[in-house]
Amino acid sequence: MTLQTEHPIDTSPIALASDSSNDLDPLWRSVEREMRARGNDIHIPISFAFAERLCDAHPEADRLVVRVAILLHDTGWARVDESKIISEGFGTNWRQAQIRFEHEVKGCEIAREVLPGLGYTEEFISRVTDIIDGHDTRAQSHSIEDSLVRDADRLWRFTPAGIALASGWFAQTPAVYCRRLRAEIVPELITAAAFQMATADLERSEALLKTALL
Ligand SMILES: [Fe+2]
Ligand SMILES: [Fe+2]
């Protein structure tokens, strides 16, 4: 069932998001190298901005857990065999490919390496790694924080930047990829806030990219 909220939902283009906080700058810097893998330096900042909007819509969630988990969730791609990312990670049965499990395990490892030195407690780090572990391969969400990370992880795909990168990974035209987003990814969204953001973005992106013609 879709998780509703009584709080306002911002569906404006994510390029208009302004993040004035700089509390996580040391964490971003500590994983700069991991951001160079598999489009992370595009995917993660965009998904991070969506995560902040989802936290605004769900103030009951622990905002710092959500922000740190989305920031680190895919860093593990930097420690898996890069040649397999496209061949296995995006082939048929991509969600259960061995390399998907590996990037989750490696992401937890990276979280455990970088977070203690930045002052995060063991209890906090475990809450973050509980979300990173299985973020792609586990069917169920464990908590509101887990749900917001899962939705933010998907929302970037509906933006023109997400369509540009991911349609290439799956070797599909933008129009075919957009149809797939609507058919397969929209139904996976957990919160009503994410559903509204995704459908608003998909409509804008399809119009901009002229997918009815191309
Ligand atoms: Fe992932
Ligand atoms: Fe991701």
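Colleague: Which helix is the place of Arg 112?

Modeller: Arg 112 sits in helix α5. Bear in mind that this is a predicted model.

Colleague: Why is Arg 112 called partly exposed?

Modeller: Arg 112 has 14 other C-beta atoms within 10 Å. A residue is buried at 20 or more and exposed at 12 or fewer, so Arg 112 falls in between and is partly exposed.

Colleague: What does Arg 112 touch, leaving aside residues up to four places away in sequence?

Modeller: Arg 112 touches Ile 125 and Thr 129. As for Glu 122, Arg 112 is 10 residues from it in sequence, and their C-alpha atoms are 8.9 Å apart in space.

Colleague: Thr 129 brings us to helix α6. Which residues of α6 are buried?

Modeller: In α6, which runs over residues 122-132, the buried ones are Val 128, Thr 129, Ile 131 and Ile 132.

Colleague: How do you know that they are on the same side of α6?

Modeller: They cover an arc of only 155° around the axis, and therefore lie on the same side of α6. The face turned away from that buried side carries the exposed residues Glu 122 and Glu 123.

Colleague: What covers the buried residues of α6?

Modeller: The cover includes α3 (63-72), α5 (98-114) and α7 (144-155). After α6 comes Gly 134, with a positive phi near 85°.

Colleague: Let us turn to α8. What makes its buried residues a group on the same side of the helix?

Modeller: The buried residues of α8 (160-169) are Gly 162, Ile 163, Ala 166 and Ser 167. Their arc around the axis is only 110°, which puts them on the same side of α8. They pack against α2 (40-57), α9 (174-185) and α10 (192-208). Ala 171 follows α8, and its phi is positive too, near 55°.

Colleague: Two of those partners also meet each other. Why is α2 called oblique to α10?

Modeller: α2 and α10 pack at an angle of about 135°, with their axes 10 Å apart. Roughly perpendicular ends at 115 degrees and roughly antiparallel needs over 145, so α2 counts as oblique to α10. The crossing of α2 past α10 is right-handed.

Colleague: Which residues meet there, and how many are nonpolar?

Modeller: Phe 50, Arg 53, Leu 54 and Ala 57 of α2 meet Ala 193, Ala 194 and Met 197 of α10. By class, this contact of α2 with α10 has 6 nonpolar, no polar and 1 charged residues. Arg counts as charged, so Arg 53 is the charged residue in this contact.

Technical notes. Residues numbered from 1 in each chain as written. Chains lettered and ligands numbered in written order. Predicted model: local features only at pLDDT ≥ 70, side-chain atom pairs only at ≥ 80, totals over all residues. Helix = DSSP H or I, 4+ residues; strand = E, 2+ residues; numbered from the N terminus. Arc of directions from axis to C-beta. Contact = placed C-beta atoms within 7 Å. Axes fitted to C-alpha atoms, helices over the stretch in contact; angles between N-to-C directions. Parallel < 35°, antiparallel > 145°, perpendicular 65-115°, else oblique. Left-handed = near helix turned anticlockwise from the far one by under 90°.
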